[in-house]
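This report looks at salt bridges and their surroundings in one model. The sequence and structure come before the text.

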Amino acid sequence: QQQEFQRTITAAIAAGTEAVQRKSTEAQNWRVLGDIYALLAAVNIDGAAARANEAYHEAEVRDPHNPYYVLQKSVMAYRAKDFTESRRLALLALDLKGNYTDALFTLSQIDIATGDVAKAIASTESLISLESNNAGRYYQLGVLQIANKNRDAAIAAFTAALAIDANYANARYLRALQYLAAGDKALAITELKA
């Protein structure tokens with residue numbers, strides 16, 4: 001299995017590198033190469049994080065309005081436990097796309113990891129008072145309430161997100177999990193089917 005993993009990774013890196021060499025102006029090629037190295041960084045392969053960040057930087061240069069690359073660099077910093085840098089990058093990703101759920105989720109994870117859940121809840125509630133029609137903020141509040149072990153408040157936050165955007169699948173999924181945890185299997189299944 002280890003040999004197969006090494007062969008697969010070697011082939012993936014070779015293919016990603018070849019794609020970049022053939023068309024280095026294409027942001028998507030750099031993104032794929034970055035994703036390959038990010039996967040390797042997640043399993044603690046030496047040097048992979050630096051190469052992933054380099055590839056994401058190259059993708060960002062070619063596609064500067066896409067928040068994905070900035071957020072992936074934030075995730076890399078989070079894994080390295082550089083929460084200050086991770087927060088800075090996640091906020092930059094949100095500047096590019098204000099309702100970027102993955103960035104909001106990353107910010108919530110940073111707050112949880114640094115033990116600032118109560119402060120994060122208060123900050124998110126303040127933001128909601130300024131952006132009452134932002135479903136993403138209610139989603140972020142719901143995630144934080146889950147971390148705070150406040151199921152009812154989490155359900156209320158996800159419900160508010162869905163009132164703004166009925167197709168917010170992530171909010172619906174997490175609300176279903178909270179219903180399931182509360183013992184309401186039928187309601188959870190209804191949510192998941194929706």
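## Salt bridges between and within helices

Aspartate 35 and arginine 31 are four residues apart in helix α2 (residues 27–42), so about one helical turn separates them; helices here are DSSP runs of H or I with at least four residues, numbered from the N terminus. The model is predicted: local features need pLDDT of at least 70 and side-chain atom pairs pLDDT 80 or more, while totals for chains, interfaces and linings use all residues. Residues are numbered from 1 along each chain as its sequence is written, and side-chain values use heavy atoms, without hydrogens and water.

Nine salt bridges are found in the whole structure, each a side-chain nitrogen of Lys or Arg within 4 Å of a carboxyl oxygen of Asp or Glu. Among them are these pairs.

| Pair | N to O distance |
|---|---|
| aspartate 35 and arginine 31 | 3.8 Å |
| lysine 73 and glutamate 60 | 2.6 Å |
| arginine 87 and aspartate 111 | 2.6 Å |

Aspartate 35 is partly exposed at 27% relative accessibility, and arginine 31 is partly exposed at 23% (buried is under 20% relative accessible area, exposed over 50%, partly exposed in between; 1.4 Å probe, protein chains only).

Lysine 73, in helix α4 (residues 67–79), is buried at 16%. Beyond four places in sequence, lysine 73 touches Asn53, Tyr56, His57, Glu60 and Leu89, a contact being heavy atoms within 4.5 Å.

Arginine 87 forms a salt bridge with aspartate 111. Arginine 87 lies in helix α5 (residues 83–96) and aspartate 111 in helix α6 (residues 101–113), so their pairing ties together parts 24 residues apart in sequence. Arginine 87 is partly exposed at 28%, whereas aspartate 111 is buried at 8%.

Elsewhere, salt bridges link Arg172, Arg175 and Glu191 in a network.

Terms used. Helices (H or I, at least four residues) and strands (E, at least two) are DSSP runs, numbered from the N terminus.
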